[in-house]
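Keep the structure in view as you go.

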Amino acid sequence: MTTIDQAWSALSAHAEALQDVHLRHLFDREPERFQRRRAQVGELFIDCSKHLATEETDALLCDLARAADVEGRRDAMFAGEHINVSEGRAVGHVALRNQTDQPFMIDGTDVMPSVRRELDRMRAFCASIHDGTWTGHSGKKITDVVNIGIGGSDLGPVMVTEALRPFARPDLACHFVSNVDPAHICDTLANLDPETTLFIVASKTFGTLETLTNARVARRWLLDTVGSEEAVARHFVALSTNVERVTQFGIDPDNMFVFWDWVGGRYSLWSAIGLSIALAVGFDRFEALLEGAHEMDEHFRNTPLESNVPIRLGLLDCWYRNCHDMQSIAVLPYDQHLHRLPAYLQQAMMESNGKHVNLHGQRVSQATSPVLWGEPGTNGQHAFHQMLHQGTTRVPCDFIVAMESHTSLGEQHLDLVANCIAQSEAMMRGRTDSEVREELAAMGMAVDQIDAIAPHKVMEGNRPSTTMLYPRLTPHMLGMLIALYEHRIFTAAAVWGIDAFDQWGVELGKSLAVSIRPMLSADESPSDRDASTIGLIELVRQHAH
């Protein structure tokens, strides 16, 4: 038996031994449990006391991390090694927010000069938009920016600009188009002025179907009003690596911002893909976002396993997924501005860790990525929290809340905070049959009524959760939170022995869509497809006629 098999075996046996241990009992016998199991990175407080874990659990999880060489994988990433094995690439998104004067070497070259050069170009461009130096073709100041991208070129910028809405510039509105559904681009353009609108086309290859389709619609919309092809150069910029295709589109190569093949899409908001963020909130605040991520990078890179927050959380994800068969994670931000965070983290976690083979191309021996989902509180309390409290499936939850609001309604914000803390307590404690009966009896209810109703009001509790608490949601704090999840996901991938940085599963459906498209227009026969696909194509073709 290998070392890692031994570590899994020990954890499984330990999980069996904890089956009848309730979180209530752990708190009863450990008065200092909160103090011992809370952590802090900068101004971010993390309460891990409501997890189904003891000191023995912690030790066994650290044994698992050492057996899987999590620290070695981490160090290899920071050393610029090709840890994206299926694509033969380094993974360098941490270099994009490197705040030190230390080099970051990839393939024998220090990438920091090129990273800083691109950041300087972004800063200058943002300044020209903000101060009106850059104008549209007719000389009018830019008032609206439309980011056209998909996946990592959309989810990250959308999430961050929404999260930092309190910091948004009042003179510049940012919009985002991703879906190839024509409604998305048409609805977005409906209320915009072509003469004052700037488009950011975000595509590494400048060949992404959805992005280029929407970009061409935007180009036609502009030219239908402005008329001159020369206008494209004043109303479009590109985030890409393909100079030739960008130039063919009509964008001046000087207005192409680059990133690198060692930056994966779902880790790209720290790069030029974050241009819309910098335009929305100002470049100084974009830099604060990078600084917050760097602070978490330094913690992840230099803190021992036992007190390393991203590693601890990543190990708990493995603990629940593999030893307790908990198949999903709920991310519940008690912050309306973080309403897009669960969607962003869905890609980060499930595109990274939704793999069935290991680094050696062999089928994994453990279940991998849980399903990640969630909505902001308190909305979720009136939707799916019923299942979280009384359903037959236990779901580990992340509660995220600021102690201070950006609004002037401070007392109302405390209502929000109270709900967040109460939910984590309720999921941990539950409500016993005797507690329910005592409560109903105090209301004067008859015994036979109590017997009928009590079972419906019992909640088992023992539902694990993490609570993340911080003073205020700032660009710096948001950067810390995002990087925390990135490294947590990385840790779980290292334990499972999978490549967190490729996404081949995204490709199959896209390639099939390309072949199906001409069949919908009756240009090609669908005879070589399965019966269902042929039938669906025929229905669409019949409707068109």
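**Exercise 1: Classify a glutamate**

Task: Is Glu229 buried, partly exposed or exposed?

Solution. This is a predicted model. Start with the value: Glu229 has a relative accessibility of 48%. Now apply the cut-offs: buried is under 20%, and exposed is over 50%. Glu229 therefore counts as partly exposed.

**Exercise 2: Find its partner**

Task: Which side chain meets Glu229 in a salt bridge?

Solution. The partner is Arg219, at 2.7 Å from N to O. Arg219 sits in helix α9 (residues 209–226). Glu229 sits in the loop between α9 and α10 (232–235). The two are ten residues apart, and the pair links distant parts of the chain.

**Exercise 3: Judge a second pair**

Task: Where do Lys141 and Asp171 lie, and what does their pair tie together?

Solution. First, the contact: Lys141 and Asp171 form a salt bridge, with the closest N and O atoms 3.7 Å apart. Lys141 is in the loop between α6 (112–130) and β5 (144–148). Asp171 is in the loop between α7 (152–163) and β6 (173–177). So the pair ties together parts that are 30 residues apart in sequence. Lys141 is partly exposed at 33%. Asp171 is partly exposed too, at 32%.

**Exercise 4: Check a buried pair**

Task: Are Arg33 and Glu30 buried or exposed?

Solution. Arg33 has a relative accessible area of 0%, so Arg33 is buried. Glu30 is at 13%, so Glu30 counts as buried. The closest N and O atoms of their salt bridge are 3.1 Å apart. Finally, widen the view: shared partners join Glu30, Arg33, Arg36 and Glu55 into one network of salt bridges.

Terms used
Residues are numbered from 1 along each chain as its sequence is written. This is a predicted model: local features need pLDDT of at least 70, side-chain atom pairs count only at pLDDT 80 or more; totals for chains, interfaces and linings use all residues. Side-chain values use heavy atoms; hydrogens and water are left out. A salt bridge is a side-chain nitrogen of Lys or Arg within 4 Å of a carboxyl oxygen of Asp or Glu. Buried means under 20% relative accessible area, exposed over 50%, partly exposed in between (1.4 Å probe, protein chains only). Helices (H or I, at least four residues) and strands (E, at least two) are DSSP runs, numbered from the N terminus.
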